[in-house]
Amino acid sequence: MNALRSQCLAKTELKNSQVGTIRTKLLKLGALITISSRRILIAITSSSPIKHIFAAAYRCLKMLPNTA
């Protein structure tokens with residue numbers, strides 16, 4: 001969570017947030033998840049006030065190297 005905050009949320013209003021706040025706002029997000037054989041689609045409601053933060057964090061996490 002600290003890496004997420006420092007690397008991916010540095011330019012958002014969640015840059016100084018506590019872990020609980022990030023978890024509540026980003027990870028406990030109501031969305032429709034569709035799983036197919038090749039992809040996972042996450043449909044966030046268009047009225048979500050933090051969808052731009054979620055999209056920025058997703059783009060940042062997608063660019064990080066895979067260490068697995």
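Select I42 first: this residue sits in strand β2. The model is predicted. Is I42 buried, partly exposed or exposed? Its relative accessibility is 48%, so I42 counts as partly exposed, since that class lies between 20% and 50%.

Together with I42 they make a nonpolar surface patch, with about 440 Å² of accessible area among the four residues. Colour β1 (31-35) and β2 (40-44) next; these are the elements that contribute two or more residues to the patch.

Now go inside. Select L4, C8, L9, L14, I22, L26, I50, I53, A57 and C60, the 10 residues of the largest nonpolar core. The largest share, three residues, comes from α3.

Stop at I50, a member of that core. Beyond its neighbours within four places in sequence, I50 touches K25 and L26. L26 is itself one of the core residues.

Zoom out to the whole protein. Three helices and two strands are present. Trace them from the N terminus and the order reads α-α-β-β-α. Along the principal axes, the C-alpha atoms fill a box of roughly 35 × 35 × 20 Å.

Finish with the overall surface and contacts. Of the 68 residues, 19% count as buried. Among contacts with a separation of 6 or more, 36% join residues 24 or more positions apart.

Note on methods
Residues are numbered from 1 along each chain as its sequence is written. This is a predicted model: local features need pLDDT of at least 70, side-chain atom pairs count only at pLDDT 80 or more; totals for chains, interfaces and linings use all residues. Side-chain values use heavy atoms; hydrogens and water are left out. A nonpolar core is a set of buried Ala, Val, Leu, Ile, Met, Phe, Trp, Tyr and Cys residues joined through side-chain atoms within 4.5 Å. Buried means under 20% relative accessible area, exposed over 50%, partly exposed in between (1.4 Å probe, protein chains only). Helices (H or I, at least four residues) and strands (E, at least two) are DSSP runs, numbered from the N terminus. Contact means heavy atoms within 4.5 Å. Patches are made of residues with over 30% relative accessible area and no salt bridge: like charges are joined within 9 Å, nonpolar side chains (Val, Leu, Ile, Met, Phe, Trp, Tyr) within 5 Å. Accessible areas come from the Shrake-Rupley method with a 1.4 Å probe; for residues, only the protein chains shown count as cover. A salt bridge is a side-chain nitrogen of Lys or Arg within 4 Å of a carboxyl oxygen of Asp or Glu.
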